[in-house]
Amino acid sequence: MKLTQKIRRFLVYSITRFSSVLFNLIPRKLANFLGGWVGLAAWKLITKDQRLIFRHLSLCYNGSLTVREKVNIGQRFFINSGRNISDLIRFENHYDRDIHGLIDVEGMAHFDNAYKKGKGVFGITGHLGNFELLAVFLAKCGYRIGVVSRPLADNKLNEMLITNRKKMGIANFYASENPIGVVKWLKSGGAIGVLIDTDSSRVKGDFFPFYNRLSKLPVGQSVMALRLGSPLVPIACVRYGNNRYKVIIRPEIPINNTGDLKNDINRITRSCSLELETMIRTYPDQWIWMHNRWKSSPENRA
């Protein structure tokens, strides 16, 4: 690892530790205010992400957005992210008192009915809104919740995140590990949150329309749903109003196992992609536009 990278990681970790202490000492309103300003500062400083956001918004909206509209979406995303993180590092000490009462729910019956089938549930979501809070909210509602994730590049930061999840009652499964742990969790009736919106070479995937462009999506959740009968429920947690949250739960995606495995996987994964896209289109300023969803292409799938 280069010296500059080591220094950068040390600084990020040190700032995160300091912020964790500070934001747990001050009221949530002030923590959100500071988090928003940190996000705005990051937007101003990280010009590389600005360029990626502008490029991807232009591709997805076919040039229909003005420069001002693209700036607003990117800027609000960074501000929202700063506020989300300020809440994230307060979960352990302040969730019950400060945050839970600020969460509204739309469509809770969809998740509850799927969970009661006893075959496990896939929560189909992405890097939209406060996805960490989504898992915490469901765990605090009494559901057994796990998440499939990729480890952060910085081991210390990753350890902080995993420790925080465990303290909030959330099981963690790495996408690169043997899926037997996820299978056992589902068979025991637990729910698993799956982020399907990143182009990763570490998991098996195929290409499906996303904003009218082919992008790589993982197919593991579709395969397991077919084999285990686990419902797939589109779900997200977004910010709205005066620093409140809304958990949005859509009707479960039909599995309809026809016996044609390939076509069934394609149909289910396509439905997952369309559901996620619908939620992103509704809240475009809360999705990670700097991530290149189109890094891979069908031509280089090998």
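Visitor: At what angle do helix 10 and helix 11 pack?
Guide: In this predicted model, helix 10 (residues 220-228) packs against helix 11 (residues 261-282) at an angle of about 120°, and their axes are 9 Å apart. Helix 10 is therefore oblique to helix 11, and the crossing of the two is right-handed.

Visitor: Which residues make the contact?
Guide: On the helix 10 side they are Gln-221, Ser-222, Val-223, Leu-226 and Arg-227, while helix 11 contributes Leu-261, Asp-264, Ile-265, Ile-268 and Thr-269.

Visitor: Staying in helix 11, is Glu-275 buried or exposed?
Guide: Glu-275, which lies in helix 11, counts as buried because its relative accessibility is 17%, and the cut-off for buried is under 20%.

Visitor: What does Glu-275 touch?
Guide: Leaving aside residues up to four places away in sequence, Glu-275 touches Pro-234, Arg-250 and Ile-253.

Visitor: Switching topic, how do helix 2 and helix 4 cross?
Guide: The axes of helix 2 (residues 28-45) and helix 4 (residues 67-88) come within 7 Å and cross at roughly 140°, so helix 2 is oblique to helix 4. The crossing of helix 2 and helix 4 is right-handed.

Visitor: And which residues meet there?
Guide: Those in helix 2 include Gly-35, Gly-36, Gly-39 and Trp-43, and those in helix 4 include Gly-74, Phe-78, Ile-79 and Gly-82. The residues of the contact of helix 2 with helix 4 divide into seven nonpolar, eight polar and four charged.

Methods:
Residues numbered from 1 in each chain as written. Predicted model: local features only at pLDDT ≥ 70, side-chain atom pairs only at ≥ 80, totals over all residues. Heavy atoms only, no water. Axes fitted to C-alpha atoms, helices over the stretch in contact; angles between N-to-C directions. Helix = DSSP H or I, 4+ residues; strand = E, 2+ residues; numbered from the N terminus. Parallel < 35°, antiparallel > 145°, perpendicular 65-115°, else oblique. Left-handed = near helix turned anticlockwise from the far one by under 90°. Contact = heavy atoms within 4.5 Å. Buried < 20%, exposed > 50% of the residue type's maximum accessible area, 1.4 Å probe, protein only. Nonpolar A, V, L, I, M, F, W, Y, C, P; charged D, E, K, R; others polar.
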